Amino acid sequence: MMMPPFIPATRATMALLETVTRKQRTSCHAHPLPTPLCAVSMLNALPYFSARTQIVILGFVCFGCPGMFNALNGTGGGGQVDRTTGNNANTSLYVCFIFSGLFGGAIVNKFGVRFTMFISGLMYALYSGSYIYINHTSHSWFTIWAGAMLGLGAGIFWTAQGMIMMSYPLESEKGKFITIFWVIFNLGGVIGGVVLLGTNYNHEGPLSDAAYAAFLAIEVCGSLCALVLAPPSKVERSDGSRVEIRKVDNIISDAIAIIKLFLDPWMLILIPMMFSSNFYYSYQFGPYNGSLFTTRTKGFNNIWYWGAQMGTSFVFTRLLDRQSLSRKRRALYGVIITFCVVNAVWGGTLKMQNKYTHGASAAGPTDYPGGAIDFKDTKRAAGPCILYACMGMQDALWNNMAYWLLGTITNDATKLARYAGFYKAIQSLGAAVSWQLDAKNVGYRKQLITNWVLLDVSAILMIYLSFRVTDKAESESISNHDTEIMPAEISDKDVA
């Protein structure tokens, strides 16, 4: 039976699970069962250490932490009418994210995924709670500081997430595992949208204290879920092989190895893709959702934005895992589909953008014809709301494609932790720039064109890279079933 993701694993529980696992391995070797059948039998009896179970638990961690953050951020300006504080907080968040992302791989490799994700996950709760302070004081400093703290934590958090996502599945399962994670993770955004809709149904203006308190509570629960994750050295894939973890003694030297990725041809080609992968959020959440709709409709839209991501990820990764096609063909088809959807969505967005120039502010309402859109006015709301859901589809395609492409380079968990840290650092640089564009009141149309051009250039480079994808990722296994365990993996923080 799967261990519930909301009950932290105790030292005794972890020791018992490991003892039973060792006995089952001994039993398997003692009987003349083929190795794959033995592994399947063991995982059916004790799925906690299976890679799939760990991905599910990871999904719940992200459901509670960044999932709720996404729902809150999706309202534009953190749910405040004046988006200035939210934009500046996001800028401080992503500037700090750049540096913590570069060092994140070294920190995760040294201290393990459970402890690092738990501590960094609490920063999401700190950020959400800071908006209650704004509601009562109108002072922005605490939220901007909380954004910086979240940036430091989130770089480490997402590095750990990326290492797990890219190293736990087998080659044939990478798309499937991305789907499992992406659906659970984005369910957080959907539930967050429901919370926003329910707590602000009869309220217009900044989000209520009740909404922020609800987000804070869920984010604390999400961070606690990280304590349930098994140490990577004990995780078993569906074929019985073990996750490969290399020993890390020096955080600085490992961080330098991440910085050296700027000399890696693969990484250089993917930099525009990484830079753009969160760049469009500031436009979608601010000048679009934050400017066109009533407060409750912003929450309503978030339900469909993140819900569309769940469905899109499920369908898209069926293609990425299709074994009847070579990996090169899957890469090409995936990037071409993404390219087409990007242009369709941003073409439709340009048509909408031509109808208005600004959203609601202290100076007055939006200049969109007829004023702010409410979801109950179906004649006016249908098109703009559906377009926002399509933006969610585009986001799912882009980020699923990015993770899948990175996963084609290598299966080595230590290298993938570095790639994930590099990816999140470059992604955060793009996000920091984009949130300042809105903070400095750059015209909505200029923001739109910048996003569209950046995505198209990135997609063209992704198409070029797809031609260089091989049918087998670089492998640096120590052996098929064993791995050198780093100190963090056998310390108290990973068995407590």
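In the predicted model, Thr294 has a relative accessible area of 12% and is therefore classed as buried, the limit for that class being under 20%. Thr294 belongs to the loop that joins H12 to H13. When residues up to four places away in sequence are set aside, the contacts of Thr294 are with Glu204, Ala372, Ile373 and Asp374.

The chain as a whole contains 17 helices and 0 strands. It comprises 496 residues, of which 60% count as buried. Among contacts between residues at least 6 apart in sequence, 85% link residues that are at least 24 apart.

Apart from neighbours within four places in sequence, Met352 contacts Tyr288, Leu292, Tyr368, Pro384 and Leu387.

Two helix pairs were then considered. Packed helices are described by the angle between their axes and by the distance between those axes. For helix H3 (residues 51–64) and helix H4 (residues 66–73), the axes approach to within 3 Å and cross at roughly 35°. On the H3 side the contact involves Val61, Cys62, Phe63 and Gly64, and on the H4 side Pro66, Gly67 and Met68. By class, the residues of this contact comprise 5 nonpolar and 2 polar, with no charged residue.

For H12 and helix H17 (residues 444–466), the axes come within 10 Å of each other and the crossing angle is roughly 145°. The crossing of H12 with H17 is left-handed. H12 contributes Ser282, Tyr283, Pro287 and Ser291 to the contact, and H17 contributes Tyr444, Gln447, Leu448 and Asn451. The residues of the H12 contact with H17 divide into 4 nonpolar and 4 polar, again with no charged residue.

A probe the size of a water molecule, rolled over the atoms, shows where empty space is left. Across the whole structure, 2 cavities of 30 Å³ or more were found. The largest cavity has a volume of about 270 Å³. Its lining consists of 24 residues, and those nearest the centre of the cavity are Asn70, Trp158, Asn278, Tyr281 and Lys424. Two or more lining residues each are supplied by H4, helix H5 (84–111), helix H7 (141–167), helix H8 (174–199), helix H12 (281–292), helix H13 (295–320), helix H15 (378–407) and helix H16 (413–439). Of the contributing elements, H4 gives the most to this lining, with 4 residues. In composition, the lining of the largest cavity has 15 nonpolar, 7 polar and 2 charged residues.

The second largest cavity has a volume of about 40 Å³. This cavity is lined by Met165, Met166, Lys174, Ile178, Tyr403, Trp404 and Gly407. The elements giving two or more residues to its lining are H7, H8 and H15. The largest share, 3 residues, comes from H15. The lining of the second largest cavity divides by class into 5 nonpolar residues, 1 polar residue and 1 charged residue.

Finally, the backbone was examined at two loop positions. Ser138 lies in the loop between helix H6 (113–137) and H7. The phi angle of Ser138 is near 65°, a positive value in a residue other than glycine. Ser138 counts as exposed because its relative accessibility is 65%, where exposure requires over 50%. Asn441 occupies the loop between H16 and H17. The phi angle of Asn441 is near 60°, which is likewise a positive value in a residue other than glycine. With a relative accessible area of 68%, Asn441 is also exposed.

Methods:
Residues numbered from 1 in each chain as written. Predicted model: local features only at pLDDT ≥ 70, side-chain atom pairs only at ≥ 80, totals over all residues. Heavy atoms only, no water. Axes fitted to C-alpha atoms, helices over the stretch in contact; angles between N-to-C directions. Contact = heavy atoms within 4.5 Å. Nonpolar A, V, L, I, M, F, W, Y, C, P; charged D, E, K, R; others polar. 1 Å grid on protein atoms, 1.4 Å probe; cavity = no way out; pocket = protein on both sides within 12 Å on 5 of 7 lines; lining within 4 Å. Points joined across faces, edges and corners; volume = space filled by probe spheres on them. Left-handed = near helix turned anticlockwise from the far one by under 90°. Buried < 20%, exposed > 50% of the residue type's maximum accessible area, 1.4 Å probe, protein only.
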